[in-house]
Number of protein chains: 2
Amino acid sequence: MSNADIFPAPGSETESEEGVVFAPRFDAHGLIPVVATSAQTGEVLMIAYMNADALARTIETGEAYYWSRSRDRLWRKGEESGNIQRVVEMRTDCDQDAIWLKVEQSGEAACHTGRKSCFYRTVPLGASPGGGVSLRFIDAERQFDPAEVYRHSGAAKGTLKSRE
Amino acid sequence: MSNADIFPAPGSETESEEGVVFAPRFDAHGLIPVVATSAQTGEVLMIAYMNADALARTIETGEAYYWSRSRDRLWRKGEESGNIQRVVEMRTDCDQDAIWLKVEQSGEAACHTGRKSCFYRTVPLGASPGGGVSLRFIDAERQFDPAEVYRHSGAAKGTLKSRE
């Protein structure tokens with residue numbers, strides 16, 4: 001199913017920015033970036049991508065679907081781990097080329113490494129990166145053991161944020 | 001300056017996910033997606049892209065630099081509007097292919113349309129998108145008049161979220 005079958009083609013700049021017609025702009029690969037935040041805490045959980053089909057299913061079902069770039073297939077978030085995302089609110093941005101989901105994350109962990117968020121390390125500021133930048137772990141406690149949740153590591157990789 | 005001159009090449013999956021070496025993964029265009037949230041409210045302000053140079057400058061200066069895709073050049077956020085972003089915290093995700101910035105947004109508006117956030121419209125859930133989806137405006141009050149802030153609309157477009 002092509003994008004044109006599901007969503008209208010983007011209109012003028014003014015229509016995109018000030019209109020009420022949802023006409024998302026997909027990139028050359030047919031994808032749109034998505035940021036998912038916790039509806040409870042506001043924390044950024046992950047950044048992933050949707051194609052038109054994933055976006056349509058998310059709108060219809062209220063559960064987050066993404067496009068797995070590594071496996072080149074639709075990916076229902078939590079299909080393997082059970083850690084699904086119920087969408088509380090979806091927004092699009094000014095030029096309709098990005099999506100923001102506020103979600104209720106089941107299992108308390110959005111990241112395949114078992115953490116609440118994929119963003120469990122900070123990048124220190126103020127120094128020139130030329131000398132090397134050392135990340136610092138933060139909010140990095142595991143909510144589950146990925147080795148237990150994803151028994152078939154080869155199969156699991158593709159369903160995960162890490163390799164989509 | 002190539003990416004290799006600034007940041008080390010990404011290592012193994014384990015090194016990317018569990019290590020402390022910051023070795024960001026840029027896409028085929030040399031870009032990495034960035035979500036900026038308000039350090040005050042947690043609200044998602046915008047999604048944009050950085051190349052290695054923009055990422056390095058952001059780390060060094062603590063002010064957000066992006067890569068303008070439309071103008072194909074480095075873009076210091078607020079260089080024209082004055083609405084700069086001071087970075088309070090930077091994080092990277094599990095596979096180091098995305099960046100999260102918590103910022104103090106000067107001028108109270110991140111969006112070139114004058115709104116606080118680029119995400120000023122919701123996408124209603126529950127219906128099949130085939131019938132057309134009508135966006136709803138939310139938190140859409142303008143903090144400034146874009147016609148006044150960006151006097152040269154042609155020049156301005158390239159510096160803006162809308163067309164980068």
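Mentor: Buried area is the accessible area (1.4 Å probe) that two parts lose on being put together, summed over both. Between chain A and chain B that area is about 5,500 Å², with 56% of it from carbon and sulfur atoms. This is a predicted model, in which local features need pLDDT of at least 70, side-chain atom pairs count only at pLDDT 80 or more, and totals for chains, interfaces and linings use all residues. Residues are numbered from 1 along each chain as its sequence is written, chains are lettered from A in the order in which they are written, and side-chain values use heavy atoms, with hydrogens and water left out.

Chain A gives 67 residues to the contact and chain B gives 67 residues, contact meaning heavy atoms within 4.5 Å. Eight salt bridges are counted between chain A and chain B; a salt bridge is a side-chain nitrogen of Lys or Arg within 4 Å of a carboxyl oxygen of Asp or Glu. A:Arg91 and B:Asp139 form a salt bridge through their side chains, at 3.3 Å from N to O.

A further salt bridge pairs A:Asp97 with B:Arg69, the closest N and O atoms being 3.5 Å apart. A:Asp97 sits in the loop between S5 and S6 of chain A, and B:Arg69 in the loop between strand S3 (65–68) and strand S4 (73–76) of chain B, so the pair joins two chains. Strands here are DSSP runs (E, at least two residues), as helices are (H or I, at least four), numbered from the N terminus. Over all chains, the structure holds 22 salt bridges.
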